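Good morning, colleagues. Please look at the sequence and the model on the screen while I go through two topics.

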Amino acid sequence: MILRGVISCHYSLLLLLIGFLVVSSSITRVLSWGVIHVKYKFAGSQRSIVDLKVHDSVRQVRILAGVDLPLGGSGRPDGLGLYYARIGIGTPSKDYYVQVDTGSDIMWVNCIQCKECPRRSSLGIDLTLYNIEDSATGKLVSCDQDFCYAINGGPLAGCTANMSCPYLEIYGDGSSTAGYFVNDIVLYDRVSGDLKTSSANGSVIFGCGATQSGNLGSSNEESLDGILGFGKANSSMISQLASSGKVKNMFAHCLDGVNGGGIFAIGHVVRPKVNMTPLVPNQPHYNVNMTAVQVGHDFLSFTPDIFDSGDRQGVIIDSGTTLAYLPEMVYEPLVSKILSRQPDLKLQTIHDEYTCFQYSKSLDEAFPNVTFHFENSVTLKVYPHEYLFPYNGLWCIGWQNSGMQSRDRKNMTLLGDLVLSNKLVLYDLENQTIGWTEYNCSSSIQVLDERTGTVHLVGSQNISSACHLNAWSITVLILLATLLHFLGC
C-alpha cells in the first residue's frame, strides 16, 4: 500500500534533501482559457495483455492509498498514464510532458536537483528537468503560506516561514519521490473563437521533484516529466484556478485511444447535453453509486452495498485505468451471461486470468451489451466491441474479477478506459456531480464563455509532433471559461 503525504518523522531528512529555501513574492493572477496538446500512450500499437494488467495493478495500488493520508498528488509517470500532455512552464517557457490524470491531484515535474530522475524516454520525447533559476516568474512556496497549511492539514513541525514547503510520497514497493512546491507560469494556447487559438498562460502551484528512488528513477523506459492532476482536491490545477475566480470548477474529456482524437475542456459544456449522477461524498476520487447491472435484457441480482468496502464507497470512475474491475459476485454472472450467447465457443485462459476465444463474425451481433445503472437514472452502455479486445488472433474479455485481487483491492469496482472510450465524460465539481454520454471524440463540443455569454466550438485535431512521437497525436482542447463578475466587466 502507498503511504502518501508529508510524514513528520522523515521531515528533517527531507529538508536535508531539498535545502533551506526562501520564498519570493506572491502569485501572479493571469486570465487563462486555452489548448493543451495530449498524446495517447498506447495508441497505434497493440499492447500485450501483460502490459495492460501491470499498468492497472500498479495504478490501483496508488488509487487505493489516496484514501488514507492528506497529501494529494500520488501521480507516478512511470508507465501508469494513458494520456500525456505537452505544456510549457516558466519564463522563458520550456516544454514538459506530463501525465493527464483524473486520479491524482497536484501537478509536479522532475527538477534540476534530482540525480535519480530519468533523462530519456522510449516514447520518443525529450525530457526536461525544471530549474527555478532559469525562470523569471518562478517563485518558491514557503511553509507559512496557506497552500502549504492546506495540503498538509496544518503547520509542519520545524517548517518555518523562511523555508520552502516540502512534499514527500513513499510507496509500498519502497519507491519514493520528494521535493518542494513552486509557483510558476504554465503556458498553453487560448481559445479565441470557434476552433481558433492564441497564446495564453496561468499561474499554478506545483511540486518540484528533487529526489526519486526505486521504480521512479532513471531505469524506467516509458518515463515522463511529471503529472498534471485533475483530481478533486483543492491542490489540483483546476481547483486552484477555480478558487481564484478564473474558471468554473468543471471539466470534460472525450478521449479516443484508437483514432487519436480527443477533447478536454475546462468550463461549462452546453452541448452535447449530459445527464448527471451525484458523486459519493467524502471520497478522494470520482466515486458514484451504481444501482444495477444489465446484460442484454437481463438484470443481475445483487444488493447495491456490494460496491462498498470499508471506507471505500461506490464505483471509481478513472480514465487512467485501461480495463474494468468488478466484484466477484458481479463479475461471474456477468461473464456467464455474455458467454451463454455463444455456447459453442472454445474458451482459452491466457496468463492464468484472461478468458479468450476465437470468433470471426460480428461481435455486436453475437454478444449482448452491458449497461450499468446509476443514481438519477443515469446509464452507461458498453458494447461488445468495447469490452472485448484482440490478442494474438483471439478475442479476450476486458472485464476483470477484482475478487481475485490482493486484500486492499479485493472486490473493488473500478471502471476504466474500456467503458469510458467514445464517451464525453463531464465532471461538475461545483455541484459534485459527474455524467457521460456517447459521443464522437473526433468531433467538437460547445462550451460557454461565462465572460461574454458566447458559445465556442472546442474540437479535436491531429497535431504533428516535433519530437516524432511513437504514439499517435491527439489534441485536447482545454477551455478555461472565465467568470464575469470576478473580472469586473
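**Active site and an open sheet**

At a relative accessibility of 1%, Asp101 counts as buried; buried means under 20% relative accessible area, exposed over 50%, and partly exposed in between, with a 1.4 Å probe and protein chains only. Before I continue, please note that this is a predicted model, in which local features need pLDDT of at least 70, side-chain atom pairs count only at pLDDT 80 or more, and totals for chains, interfaces and linings use all residues. Residues are numbered from 1 along each chain as its sequence is written, and side-chain values use heavy atoms, with hydrogens and water left out.

Asp101 lies in strand S4, residues 94-101. Strands (E, at least two residues) and helices (H or I, at least four) are DSSP runs numbered from the N terminus.

Which residues does UniProt list for "active site"? The unreviewed entry gives Asp101 and Asp318; its positions are in the numbering used here, feature names are shortened, and annotations may be inferred rather than shown by experiment. The two span 218 residues in sequence, yet no two of their C-alpha atoms are more than 8.4 Å apart, so they gather at one spot. Asp318 is placed in the loop between strand S18 (315-317) and strand S19 (324-326), and is likewise buried, at 1%.

I turn now to the sheet. Five strands form an open, antiparallel sheet in the order S12-S11-S28-S29-S14, where pairing requires at least two DSSP bridges between two strands. Strands S12 (262-266) and S14 (276-278) stand at the edges with a single partner strand each, so one side of each lacks a neighbour in the sheet. Five bridges join S11 (residues 250-255) to S12, and Phe251 stands opposite Ile266 in S12.
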